[in-house]
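Walk through this model from its secondary structure to its side-chain contacts. Have the numbering at hand.

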Amino acid sequence: MAILLTVGVLSTATVPAVLAGEVVTTPGGSTERRAAVHACMRMTAVLAAGCALVAGAAVVPYAGPGTLGATAAACLAIWCNSAGAGYLQGTGRFGRLAVLQLAETAVRCGAALAAVAAGWGSRRGGRRHGRRRSRRHPGRARRRAPVDARSPAEASSPRARWATGTPSGATSRTVAPDRLRAGHPGAAVRTADRGRRPGHGRPGRRRRPHPVPALVVLARVPLHLATATAAVLFPRLAAHGPSAAGRTALQEALRAHWVSAGSLTAVLVTCPPDLLALLLPASYVSSAPLLLPLGIAGLAGATLTVTITAFRAGLPVRPAVLLLLAGCPGLACATVLTADRPAALAWSTAAVTGVVAVASVALTRRRVTGLGPAAGATAPLTAATAATLVLSALRPHMALWLPAACLCLLAAGLVGRPRRRRGGPYRIPHLGFEAPHSPGAGGAALRAHEVDRRLAARGIEVTVVCAPWPGCAETVRDGVRYRPLPPRLGPLARHRFLYQMAYFPAITLGLPRLLRRVDPDLVVEDFVPPFSSVCVPHLTRRPVVGVVQWLSAAEMTDRYRLPFHLVERRGLRSHTRLITVGPHLAAELRSRHPAADVTVLPNGLSPAAFVPPDAAEPRDHVVYLGRLETKSKGLDLLLRAYARAAPGLTTDLLIAGDCPDERAARALAAQLGIERRLRWLGRVDGDARFHLLARARLVCVPSRSETFGMVAAEALAAATPVLAFDLPCLRDW
């Protein structure tokens with residue numbers, strides 16, 4: 001049995017992965033696929049023949065011709081079954097694969113029962129091996145032969161012969177009944193005490209079997225489930241590789257694994273003694289406390305099965321091999337040191353496999369970005385731990401434990417089921433922070449609105465979730481729904497900074513409820529100050545696209561002395577798909593997050609911006625258009641420069657915009673003595689905005705930093721010159 005198990009492990013670890021990978025990566029019916037299948041079949045035949053020879057050599061000392069033939073046939077059948085499983089796995093015929101695996105299990109069970117019925121027990125093999133040793137060393141055999149003190153009829157019964165079977169290589173002897181009757185001197189043969197364990201060979205006392213192997217059968221249930229998950233995952237990863245589709249497949253597989261394996265482990269490790277007695281012999285029930293460490297080890301082994309599949313399907317294999325090799329010495333030492341102590345053996349095995357599993361998850365997250373913290377294991381394993389505690393408390397009460405366990409498994413099935421899309425149009429929630437009509441909204445809000453209203457014109461439901469402001473309400477503009485979050489400000493309405501910062505915890509806590517209400521097909525997150533991103537991909541299973549207008553955390557960290565850059569770093573690495581407005585920002589994103597898919601989509605301009613100005617209208621003023629801000633927009637620099645140039649100018653300075661530093665700007669203008677040369681126009685939108693730019697003699701963009709420069713682009717579209725600093729994003733205009 002051990003030899004055939006070893007052959008099965010070897011065949012499962014080699015042929016299916018190779019054959020499935022070749023089938024997935026070659027077109028169906030092509031010459032390449034036929035050549036790959038033929039090569040894999042030849043490799044399978046060679047390996048099967050080699051395993052049959054080695055297995056035959058291993059069993060020949062104590063097996064006859066029938067056993068040798070059955071062993072060779074079993075080896076060939078195991079390898080052929082593995083080849084068929086690999087082909088079905090590569091072609092995606094998982095239903096037939098399940099039938100094949102069930103048929104293999106049925107054949108194994110039938111063969112085992114047939115062997116038992118034919119009398120192929122350990123007793124017969126032990127007697128044959130004992131006779132061979134007796135012929136070689138008759139004296140040694142006589143010295144070590146124990147006496148069977150039972151009655152002749154009892155000792156000669158088939159049940160007794162099966163019960164007294166000894167492992168292969170041991171020596172057994174039954175005293176002939178005629179010698180007992182005749183008082184033959186050989187009837188009283190002393191049993192050598194040298195090397196004997198207490199109770200060995202004594203009548204009426206049998207050594208109690210080790211409980212760990214039997215309980216492992218239950219603890220390995222999550223491992224079998226993970227093997228099925230890996231069988232489905234491997235062809236998808238092999239077909240897509242490290243692309244976004246492959247990453248999505250790995251995320252779904254890991255989430256299904258955490259939910260299913262965690263719930264199964266919680267049920268198995270809390271199995272009541274009454275139920276355990278129905279599954280295992282009564283002698284194992286007292287060892288039920290070992291289920292907890294063995295269940296942890298089984299969960300760790302299942303995790304290794306899923307994570308290692310990612311490396312077998314296309315990731316560099318060497319780190320995974322080194323990790324597994326590093327865990328082997330620890331597992332071997334733990335087994336040797338605690339072999340005679342079942343509890344210590346179980347807990348040491350759980351500790352070693354758990355450490356290796358955690359390391360494999362960390363290695364997978366390092367190679368495949370965007371899997372989230374702990375690869376999505378935090379919430380499912382936390383729920384599994386809570387379920388384990390509840391089921392442990394109900395364990396003495398079978399009538400309460402059983403419905404609770406069924407409820408736990410049912411909840412896991414509901415959580416892990418594929419999402420069914422609600423009928424209706426395509427739906428997109430856009431986490432935009434700013435609405436185009438909110439106070440102080442800039443070019444990013446205008447760009448987002450232009451994109452959203454075009455999507456709405458195509459029948460897509462777009463809901464923009466924005467930060468609140470005093471007097472805000474849910475509204476619809478150009479087919480786009482704007483929903484402030486939180487909807488009510490309360491005492492926060494007195495401070496602009498507070499009600500804007502309230503947006504971020506509201507998004508973090510209220511996003512699950514919003515997504516259940518909207519049922520989106522895609523989530524869009526705008527990177528906004530001061531955090532840039534709140535790690536939305538970690539809060540939902542839906543596809544998420546990040547739109548990066550700028551990365552502001554470094555500036556905000558310097559301004560407020562708070563670690564906003566740490567949140568930005570985590571949020572940036574949570575995204576796998578990013579859209580930015582310029583090549584310079586795209587280069588920075590790729591350098592900070594090499595695994596992300598970064599797309600450059602420059603901001604578009606309204607056709608009204610290209611309308612040529614009326615030649616009859618004079619261009620007699622200088623214009624500043626934008627948010628009234630001194631830190632990034634540089635309005636204070638413009639006021640100081642205009643104050644120095646004003647004595648030699650005949651044109652006034654028109655300032656269009658609002659918030660947040662309007663009072664400070666007015667005070668600075670009064671301090672510089674130019675308040676009479678300034679005209680404060682307030683907020684200017686729509687066609688009036690383009691008309692203002694077209695009538696200007698000069699448009700000033702004094703920004704200290706920009707990522708696109710929408711005002712500069714609109715001014716150039718109206719053939720108006722622009723005065724700006726030498727910023728990377730403005731060099732292309």
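Helices (H or I, at least four residues) and strands (E, at least two) are DSSP runs, numbered from the N terminus. The model is predicted: local features need pLDDT of at least 70, side-chain atom pairs count only at pLDDT 80 or more, and totals for chains, interfaces and linings use all residues. Residues are numbered from 1 along each chain as its sequence is written, and side-chain values use heavy atoms, with hydrogens and water left out.

Start at helix α15, residues 317-337, which contains Leu 325. Leu 325 has a relative accessibility of 52%, so Leu 325 counts as exposed. The cut-offs are these: buried is under 20% relative accessible area, exposed is over 50%, and partly exposed is in between (1.4 Å probe, protein chains only). Together with Val 317, Val 321 and Leu 322, Leu 325 makes a nonpolar surface patch of about 340 Å². Patches take residues with over 30% relative accessible area and no salt bridge; like charges are joined within 9 Å, and nonpolar side chains (Val, Leu, Ile, Met, Phe, Trp, Tyr) within 5 Å. The areas come from the Shrake-Rupley method with a 1.4 Å probe, and for residues only the protein chains shown count as cover.

Next, the sheets. Two strands pair if DSSP finds at least two bridges between them. Eight strands form an open sheet in the order β3-β4-β2-β1-β5-β6-β7-β8, and the pairing is mixed. At its edges are β3 (475-477) and β8 (597-600), each pairing on one side only. Neighbouring strands here are turned by 25° against each other on average, direction ignored. The axes behind such angles are lines fitted to C-alpha atoms, for helices over the stretch in contact, and angles run from 0 to 180 degrees between N-to-C directions. Inside this sheet, β2 (residues 461-466) and β4 (residues 480-484) run parallel and are joined by four bridges. Thr 463 has Arg 481 in β4 as its bridge partner.

Another open sheet has five strands, ordered β11-β10-β9-β12-β13, with parallel pairing. Its edge strands are β11 (678-682) and β13 (722-724). The twist averages 25° from one strand to the next. Two bridges join β9 (residues 621-625) to β12 (residues 698-701). Val 622 has Leu 698 as its bridge partner in β12.

Now the backbone details. The loop between β3 and β4 holds Asp 478. Asp 478 has a positive phi of about 55° although it is not a glycine. Asp 478 is exposed, at a relative accessible area of 53%. Pro 486 sits in the loop between β4 and α20 (496-501). The bond from Pro 529 to Pro 530 is also cis, with omega near 0°. Pro 530 sits in the loop between β5 and β6.

Phe 433 also has a positive phi, near 65°. Phe 433 is buried, with a relative accessible area of 8%.

Which residues form the aromatic cluster? The members are Phe 433, Tyr 503, Phe 504, Phe 531, Tyr 560 and Phe 564. Rings of Phe, Tyr and Trp (its six-membered ring) pair if their centres lie within 6.5 Å; planes under 30 degrees apart count as stacked, over 60 as edge-to-face and the rest as tilted. The structure holds six aromatic pairs. One of them is Phe 433 with Tyr 503, edge-to-face at 5.2 Å centre to centre and 80° between the planes. This pair links Phe 433 in strand β1 (residues 427-433) to Tyr 503 in helix α21 (residues 503-518), 70 residues apart. Both Phe 433 and Tyr 503 are buried. The ring centres of Phe 504 and Phe 531 are 4.9 Å apart with planes at 75°, so this pair is edge-to-face. Phe 504 is in helix α21, and Phe 531 is in the loop between β5 (523-527) and β6 (544-548). Both Phe 504 and Phe 531 are buried.

Last, the charges. A salt bridge is a side-chain nitrogen of Lys or Arg within 4 Å of a carboxyl oxygen of Asp or Glu. The count comes to 17 salt bridges. Arg 236 and Glu 252 form one, with the closest N and O atoms 3.6 Å apart. Arg 236 lies in helix α11 (residues 221-240) and Glu 252 in helix α12 (residues 244-269), so the pair ties together parts that are 16 residues apart in sequence. Glu 706 and Lys 633 form another, at 2.9 Å between the closest N and O atoms. These two residues are 73 residues apart. Glu 706 is partly exposed at 21% relative accessibility, whereas Lys 633 is buried at 19%.
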